[in-house]
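Hello,

Below is the structure I said I would pass on. My notes on it follow.

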Amino acid sequence: MNPVPIVINETNVILLFNTYPENMPQSDVRNSDTRVWNLLITQSHDGGETWEPSRELPVDKIFSNFKSGVPSYCAVGPGHAIKLDSGKLIVSGNVGWPKSKNTKSKPFVIISENNGETWHMGGLIPLPEIDGKKISGGECQPVDMGSDNVVINCRTGGTYPRFQCYSSDACKTFSDSQVMQTLIEPKNGCQGSTIGFKATDSKLPEDPEMKDLRWALFSNPDCRLLRRNLSVRLSKDKCQTWSDPPIKVLETLGSAYSDLAAFVQDGEQTFACLFERNKTLLRNIEFTTFTLDD
């Protein structure tokens, strides 16, 4: 479940994913009094053509920092994770506990400083408040803003917009979370994707001040009711604000989960998006590429 790729270089890719009992409903997994999930890791040295045998990570040790104990439910991702310029790997996801614990589901990050050999928890991500009420956080994705600055962009439930929190020390600590009113969600929320990229890879004047500047893109269904109108927004200020309206609509009809990638092709900054397209009685996985000028 939820394969999370981390691109180390052109040929080396790490993949993390969760496993659960085959015939156990997700509702039973979430409410189990004991941990029934595992977190596995594998690696490819040839761009995904072949993979090493997977190995289990010691999750009871890695996830021991929560006050409510090791979670009964865990889902990494969905979507890609990141490698910072410092070499640290950052993987995000969400965890939950049985109803008896009376604890909201929470986003998390885990960190590796040795290319996936060992992992440890990052700082705890604070849940935001709306009208004095804490709201739960779910599926999330990290954004690399350079110099160990990371933004975590999180799904919410109900009818709330998404929220973000910020780290300036490679996810050791986080600021208070902020609800992003521009990033609306469909009813009950939906996964979204974020990607950071160097602004100098876009068609910009050659300006020394732009050398280390990073921009970001965000994709999700831009609709308050239904999972439809998959759109892309741009941030030029390290995810503090997002373009409104979106800069691009990838699918006007039914659409849901997505994952973004950024690369330079023929000297031009290019983006790719893998996403769910939902039609009546039919669901497809679609792939498209685009530029900021399309």
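In strand E13, Val150, Ile152 and Cys154 point one way and Val151 and Asn153 the other, and all are buried (buried: under 20% relative accessible area, 1.4 Å probe, protein chains only). Strands here are DSSP E runs of at least two residues, numbered from the N terminus. Since five of the five residues of E13 (residues 150–154) are buried, the strand is largely enclosed by the rest of the structure.

This is a predicted model: local features need pLDDT of at least 70, side-chain atom pairs count only at pLDDT 80 or more, and totals for chains, interfaces and linings use all residues. Residues are numbered from 1 along each chain as its sequence is written, and side-chain values use heavy atoms, with hydrogens and water left out.

E13 runs antiparallel to strand E12 (residues 140–144), joined by five bridges; two strands pair if DSSP finds at least two bridges between them. Pro142 stands opposite Ile152 in E13. The hairpin of E12 and E13 has five residues between the strands, and Gly146 there takes a positive phi near 85°. Five bridges also join E13 to strand E14 (residues 163–167), again antiparallel, with Val151 opposite Tyr166 in E14.

Elsewhere, six strands form an open antiparallel sheet in the order E16-E17-E18-E19-E20-E21. E16 (193–198) and E21 (282–290) stand at the edges with a single partner strand each, so one side of each is left without a neighbour in the sheet. Strand E20 (residues 268–279) pairs with E21 over nine bridges in the antiparallel sense, and Leu274 stands opposite Phe287 in E21.

Regards

Conventions:
Helix = DSSP H or I, 4+ residues; strand = E, 2+ residues; numbered from the N terminus. Buried < 20%, exposed > 50% of the residue type's maximum accessible area, 1.4 Å probe, protein only.
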